[in-house]
Amino acid sequence: MSDVKVGIIMGSQSDWPTMKEAADILDELGVAYEARIVSAHRTPDRLWDYGKTAVSRGLQVIIAGAGGAAHLPGMMASKTRVPVIGVPVQTRALSGVDSLYSIVQMPKGFPVATMAIGSAGGVNAGLMAAGILALQDDALAERLDSWRDALSASIPQEPQG
């Protein structure tokens, strides 16, 4: 098993700017991850293999971003017991609302923790993954607490200007 505990997957290269937000926050918190393009529609065998091997490869959380029909997070949840965090990627056609609905409306038995549309969802997915891992990693818990403290300290008490 490797030190990689988080898998970041996305349906296409065009999803990377959103999913990089998750990667960046995981980098900041010192959490190892792998990033892969795993399309539910264009590479279904890759999806099946990724989900079937997630546990044996040591993954503990999978962040799955998708736009449009956004089947990737739900399909991944159907192939593994590893918790899946879904990130709706903003789309041109419906601004990501289509992605949000596809990810959030999962049938009973296949949970996907669904984040906000776009960049904020990417960051929050990384933070959620770190929070899950921090339940069993005291050093990560301290780094996450420090990150949150720094965020709070960066907010002024009074408006400026």
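Gly 86 stands opposite Thr 114 in strand β5, and on another side of the pairing Ala 64 stands opposite Gly 86 in β4. This is a predicted model, where local features need pLDDT of at least 70, side-chain atom pairs count only at pLDDT 80 or more, and totals for chains, interfaces and linings use all residues. Residues are numbered from 1 along each chain as its sequence is written, and side-chain values use heavy atoms, with hydrogens and water left out.

Let's look at the strands around β4. Helices (H or I, at least four residues) and strands (E, at least two) are DSSP runs, numbered from the N terminus. Two strands pair if DSSP finds at least two bridges between them.

| Pair | Bridges | Direction |
|---|---|---|
| β3 (residues 61-66) and β4 | five bridges | parallel |
| β4 and β5 (residues 113-114) | two bridges | parallel |

β3, helix α3 (residues 72-79) and β4 form a right-handed β-α-β unit, and β4, helix α4 (residues 97-104) and β5 form a right-handed one. Right-handed means that, with the strands pointing away from the viewer, the path from the first strand over the helix to the second runs clockwise.

How covered is β4 itself? Five of the five residues in β4 (residues 84-88) are buried, that is, under 20% relative accessible area with a 1.4 Å probe and protein chains only. In a regular strand, side chains alternate between the two faces of the sheet. Here Val 84, Gly 86 and Pro 88 point one way, while Ile 85 and Val 87 point the other way.

Technical notes. Buried < 20%, exposed > 50% of the residue type's maximum accessible area, 1.4 Å probe, protein only.
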